[in-house]
Amino acid sequence: MDKNQYKGIYVFAEQRGGVIQNVAFELIGKASELAEGIKEEVTAILLGYQVEGLAQQLIAAGADKVLVVDDECLKDYITEPYAQAIVHIVNTRKPEIVLIGATTIGRDLGPRLSARLCTGLTADCTSLDIDEDRNLLMTRPAFGGNLMATIICKEHRPQMSTVRPGVMHRKEIDPSRKGEIEKVEVPFDRSKFAVRLIKREVETKNLIDITEANVLISGGRGVGTGDGFDKLRKLAKTINAEVSSSRAMVDAGIMPHERQVGQTGKTVRPDLYFACGISGAIQHLAGMEESDFIIAINKDKFAPIFQVSDMGIVGDVHKIIPILTEKIEALHNKKKA
């Protein structure tokens with residue numbers, strides 16, 4: 001294989017219902033940083049139906065070029081047509097690196113692409129870098145999150161990884177930025193479209209996605225299975241926060257999986273993170289340690305969470321949270337008076 005024929009960094013710009021997902025902007029920001037070091041361009045791959053109008057958003061976010069595949073078969077995500085489209089682009093354009101968000105769509109799409117392109121795939125990455133030989137250094141948790149493994153793909157191209165949402169920084173949007181938008185025609189083999197979408201039902205959710213929240217109040221085993229989370233929700237209401245949890249509370253059936261922070265949950269980066277009754281296992285830290293300010297509340301003064309927190313309170317969550325809520329409510333009432 002002649003590695004010299006492979007050029008550029010490509011990002012799969014995931015969109016759903018005509019809305020580009022945040023992870024796409026995060027990956028373009030990281031790709032721009034990596035591309036600067038190897039003097040290459042960043043190309044976004046935008047698939048969908050009647051989505052060409054979204055391309056400028058990707059250029060404003062840092063893409064140098066956007067390849068648009070606009071076809072009715074791409075209106076909703078179905079594995080086969082999406083895989084065929086990207087495989088065609090990769091085989092004809094030969095990118096050196098392909099980045100995909102580790103969303104439900106990305107986790108389904110990534111392995112299919114890897115198999116069809118006969119290259120490796122490092123899944124669920126939390127860090128990316130490039131060495132002097134232009135090898136992509138893909139870092140992800142390994143052995144149950146007890147260590148971080150950096151993986152390279154020396155012998156095959158493109159180098160591919162899925163990256164967890166929330167771990168990369170978006171670039172500042174520049175609406176005046178210029179770039180190239182190109183429509184690509186894909187020779188789809190529609191005889192292989194064995195799956196079709198009969199009906200799409202979207203669950204109505206009133207809660208903000210925890211990856212989008214500015215303030216998170218997260219509960220662990222110390223909050224318990226009684227009314228502990230009701231106390232957290234009451235505090236959250238007073239400070240316009242969202243409630244999340246550790247895996248233990250999801251496993252106990254107290255919280256849904258989409259509210260889980262950690263290695264097997266979501267990676268969050270809020271301005272303020274309350275860790276309530278959370279010991280601070282490495283699997284949980286992997287999902288929240290990049291928060292701007294961390295306040296930990298735990299009865300065990302030796303809990304690992306205090307090693308990463310900016311402020312620590314040693315005490316019973318069930319006593320501290322109601323007092324904190326009461327004090328904040330009093331301040332609000334004083335301002336209103």
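The side chains of R247 and D251 form a salt bridge, with N and O 3.3 Å apart. A salt bridge here is a side-chain nitrogen of Lys or Arg within 4 Å of a carboxyl oxygen of Asp or Glu. The structure is a predicted model, in which local features need pLDDT of at least 70 and side-chain atom pairs count only at pLDDT 80 or more, whereas totals for chains, interfaces and linings use all residues. Residues are numbered from 1 along each chain as its sequence is written, and side-chain values use heavy atoms, with hydrogens and water left out.

Both R247 and D251 belong to helix α6. They are 4 residues apart, about one turn of the helix. Helices (H or I, at least four residues) and strands (E, at least two) are DSSP runs, numbered from the N terminus. R247 is partly exposed, at 45% relative accessibility. D251 is exposed, with a relative accessible area of 56%. Buried means under 20% relative accessible area, exposed over 50%, and partly exposed in between (1.4 Å probe, protein chains only). Elsewhere, salt bridges that share partners join K65, R93, E180 and E182 into one network.

Across the whole structure, the search finds 19 salt bridges. One of them pairs D108 with R112, with the closest N and O atoms 3.1 Å apart. Both residues lie in helix α4 (residues 104-117). Their separation is 4 residues, about one turn of the helix. R112 is partly exposed, at 38% relative accessibility.

Another salt bridge joins E242 to R259, and here the closest N and O atoms are 2.8 Å apart. E242 is in strand β14 (residues 242-245), and R259 is in the loop between α6 (247-251) and β15 (272-276), so the pair ties together parts that are 17 residues apart in sequence. E242 is buried, with a relative accessible area of 13%. R259 is buried too, with a relative accessible area of 6%.

R164 presents a contrasting case. This residue sits in the loop between β11 (159-163) and β12 (180-183). R164 is buried yet has no salt bridge. The nearest side chain of opposite charge is that of D124, 4.6 Å away. Lys and Arg count as positive and Asp and Glu as negative, while His and the chain ends are not counted. A polar atom of the R164 side chain lies 2.7 Å from the backbone oxygen of G265. R164 also touches several residues, among them A102, D124, C125, T126 and K266, not counting residues up to four places away in sequence. Contact means heavy atoms within 4.5 Å.

D124 itself has a positive phi of about 60 degrees although it is not a glycine. This residue is placed in strand β7 (residues 121-125). D124 is buried, with a relative accessible area of 15%. Most residues other than glycine have a negative phi, and most peptide bonds are trans. Q50, also not a glycine, has a positive phi near 60 degrees. Q50 lies in the loop between β4 (42-48) and α2 (55-60). The residue is exposed, with a relative accessible area of 64%. A cis peptide bond joins R157 and P158, with omega about 5 degrees. P158 is in the loop between β10 (147-151) and β11.

Helix α1 (residues 22-38) has 17 residues. From its first C-alpha to its last, α1 reaches 25 Å, close to the 24 Å expected at 1.5 Å a residue. The expected span is 1.5 Å times one less than the number of residues. Of the 17 residues of α1, 13 are buried, so the helix is largely enclosed by the rest of the structure. Just after α1, K39 takes a positive phi of about 55 degrees.

The whole-structure search also finds 3 aromatic pairs. Rings of Phe, Tyr and Trp (its six-membered ring) pair if their centres lie within 6.5 Å; planes under 30 degrees apart count as stacked, over 60 as edge-to-face and the rest as tilted. The ring centres of F12 and Y82 are 6.3 Å apart and the planes stand at 85 degrees, so this pair is edge-to-face. The pair links distant parts of the chain, with F12 in strand β1 (residues 9-12) and Y82 in helix α3 (residues 79-93), 70 residues apart. Both F12 and Y82 are buried. The rings of F188 and F193 have centres 6.0 Å apart and planes at 70 degrees, so this pair is edge-to-face. F188 is buried, with a relative accessible area of 13%. F193 is partly exposed, at 23%. Ring pairs link F12, Y77 and Y82 into a cluster.

How values were computed. A polar contact is a pair of N or O atoms within 3.5 Å; within protein, one must be able to donate a hydrogen and the other to accept it, and residues adjacent in sequence count only if both atoms are side-chain atoms.
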